[in-house]
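This report describes the fold of one chain, one residue within it, and the contact with its partner chain.

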Amino acid sequence: MKALVPVKRVIDYNVKPRVKADGSGVDLANVKMSMNPFDEIAVEEAIRLKEAGKIEEIIAVSIGPAKAQETLRTALAMGADSAILVETDEDVEPLAVAKILKAVAAEVEPGLIVLGKQAIDDDSNQTGQMLAALMDLPQGTFASKVELDGDSVTVTREVDGGLETVKLTLPAIVTTDLRLNEPRYASLPNIMKAKKKPLETKSPADYGVDITPRLKTTNVSEPPVRQAGVKVADVDELVAKLKAMGVA
Amino acid sequence: MKTLVWVEHDNSNMADATLAAVSAASKLGEVHLLVAGSGCRAVAEQAAAVAGVGKVHLADDAAFANALAENVAPLVVGLMADHDAFVAPATTTGKNIAPRVAALLDVMQISDILSVEGEKTFTRPIYAGNAIATVESTDAKLVITVRGTAFDKAEATGGSAAIEDVASTGDAGKSSFVGAEIAESERPELTSAKIIVSGGRALKDAETFEATIMPLADKLGAGVGASRAAVDAGYVPNDYQVGQTGKIVAPEVYIAIGISGAIQHLAGMKDSKTIIAINKDEDAPIFQVADIGLVADLYKAVPELTEKL
């Protein structure tokens with residue numbers, strides 16, 4: 001069985017995003033970019049399933065600019081077998097991403113599609129669920145445990161009140177939450193080897209998908225800044241403040 | 001505009017998150033609610049009592065007992081023939097279902113809205129809340145999830161909407177519910193607590209967290225939260241986590257103990273009305289957002305605070 005793992009190139013999670021003064025977006029010029037952390041977890045999970053003999057082949061796919069090749073090479077260095085870049089310089093919304101992935105999946109025919117629950121740039125948390133809808137497949141979102149067993153997958157999900165477990169028929173879509181695993185670092189030999197693994201480049205048009213945005217972003221601004229308040233000297237002063245607020 | 005709001009519930013009680021979604025929907029137009037579940041007529045009755053609700057659609061079927069997205073999405077899509085916007089609270093249930101509905105309707109969802117700026121214009125956080133985007137939909141219908149802390153809750157009483165039964169769309173046969181481990185707690189639920197006491201990595205281990213944080217929380221009748229660092233270190237389960245990757249909270253009072261204030265954590269609590277921080281590192285970023293800060297050793301300060309309150 002094959003696993004398809006979509007990955008996105010995003011601003012590195014350690015970088016504090018700066019909003020452009022003209023309100024047109026976030027400044028990404030000369031900013032460190034990395035694989036979306038939730039997607040790293042997805043790649044890792046697919047690799048672990050392969051190491052456990054439950055998956056035979058892992059195909060990583062990214063939709064984005066030419067530089068997203070670097071993100072795919074990271075996935076290959078971690079352990080994916082081949083990669084597909086659907087190249088475009090446009091911002092592609094989750095709905096259009098899901099449509100492209102559906103077309104990719106029609107060619108790859110994966111038994112499992114594992115992807116991050118959300119990308120840390122637009123924080124939409126939509127692509128996996130949309131892909132599941134378009135492919136009419138079951139979805140195990142926000143996974144903290146994935147068990148592949150014959151023709152089904154059992155997914156433990158992180159929900160507001162705790163954990164929930166669902167059983168899905170295959171093929172299925174799984175989206176990853178933070179606790180699922182800790183992604184490995186690619187070793188230098190594997191990074192070298194990854195350069196020789198196959199990476200195919202396509203375009204959204206190759207899949208016949210219209211990526212025209214449905215949402216117009218009219219402004220991007222800084223969130224309201226919270227001002228630092230006062231420091232109290234000791235617990236007694238804190239207690240007095242709390243009492244004045246009616247808390248105690 | 002006619003909106004259809006997803007009612008979050010456990011088949012016996014409607015969750016508070018629903019009321020914020022109702023508030024958001026009421027800014028768009030007429031509010032209809034959807035209660036999908038199993039043996040959930042009591043929820044429909046609670047929903048019908050919410051102020052400002054025009055109608056409650058009740059879909060009562062075993063297939064909807066656990067809100068499996070595969071079963072629920074076709075039901076919502078059917079009802080959307082007659083509605084202009086699907087509005088769900090941005091709970092894990094809402095986030096699971098809404099995009100599935102959106103894709104089936106060929107609509108680009110607007111996630112986690114903070115405000116309604118116009119009939120099709122909304123603000124929403126991006127980059128972990130480090131930026132706020134104003135977005136306008138060009139789709140014929142809307143699919144929206146609502147950040148609960150950004151909207152006042154609609155009144156739970158005062159309404160008397162009619163309850164209309166909806167035919168079940170059945171079981172899609174692709175997924176089944178195996179079980180759940182839902183944390184039972186006497187303490188207020190985090191997203192609705194008026195006061196939250198939250199602990200960070202400085203609490204050392206699970207026993208210390210329990211011994212330090214819980215007595216203060218009990219004294220204040222507060223909910224208990226934790227930073228991602230404390231959760232990752234195994235002091236408390238994940239459902240305690242406050243932050244971009246955990247719960248988004250905005251209580252009256254948020255007491256951060258031994259929490260440095262990583263961006264990730266601030267994203268989950270910076271809309272709290274009053275933030276109190278206790279940390280021994282006076283340069284900790286948490287003090288930049290705290291209304292009241294106490295630079296002190298938490299092992300001395302917190303027991304003393306608990307005793308003196």
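The model is predicted: local features need pLDDT of at least 70 and side-chain atom pairs count only at pLDDT 80 or more, while totals for chains, interfaces and linings use all residues. Residues are numbered from 1 along each chain as its sequence is written, and chains are lettered from A and ligands numbered from 1 in the order in which they are written.

The C-alpha trace of chain B spans about 60 × 40 × 40 Å along its principal axes. Chain B contains eight helices and 16 strands, taken as DSSP runs (helices H or I, at least four residues; strands E, at least two) numbered from the N terminus. Of its 309 residues, 60% count as buried, that is, with 20 or more other C-beta atoms, placed from the backbone, within 10 Å of their own. Among contacts between residues at least 6 apart in sequence, 65% join residues at least 24 apart; a contact requires C-beta atoms, placed from the backbone, within 7 Å.

An automatic or database assignment divides chain B into domain 1 (2–165) and domain 2 (190–308). Their C-alpha centres lie 31 Å apart. Eight residues of domain 1 and ten residues of domain 2 form the contact.

B:N71 lies in helix α3 (residues 69–79) of chain B. This residue counts as buried because it has 28 C-beta neighbours inside 10 Å. Leaving aside residues up to four places away in sequence, B:N71 touches B:A63, B:F64, B:D171 and B:A172.

Between the chains, 63 residues of chain A are in contact with 66 residues of chain B. Strand β9(A) supplies the largest share of the chain A side, eight residues. The composition of two contact sides is tabulated below, with Ala, Val, Leu, Ile, Met, Phe, Trp, Tyr, Cys and Pro as nonpolar, Asp, Glu, Lys and Arg as charged, and the others, Gly among them, as polar.

| Contact side | Residues by class |
|---|---|
| Domain 1 of chain B, touching domain 2 of chain B | two nonpolar, four polar, two charged residues |
| Chain A, touching chain B | 31 nonpolar, 16 polar, 16 charged residues |

Strand β13(A) pairs with strand β16 (residues 292–295) of chain B in the parallel sense over three bridges, where pairing requires at least two DSSP bridges. A:K231 stands opposite B:G293 in β16(B).

Methods:
A residue is buried if 20 or more other C-beta atoms lie within 10 Å of its own, exposed if 12 or fewer, and partly exposed in between; C-beta atoms are placed from the backbone. Two residues are in contact if their C-beta atoms, placed from the backbone, lie within 7 Å.
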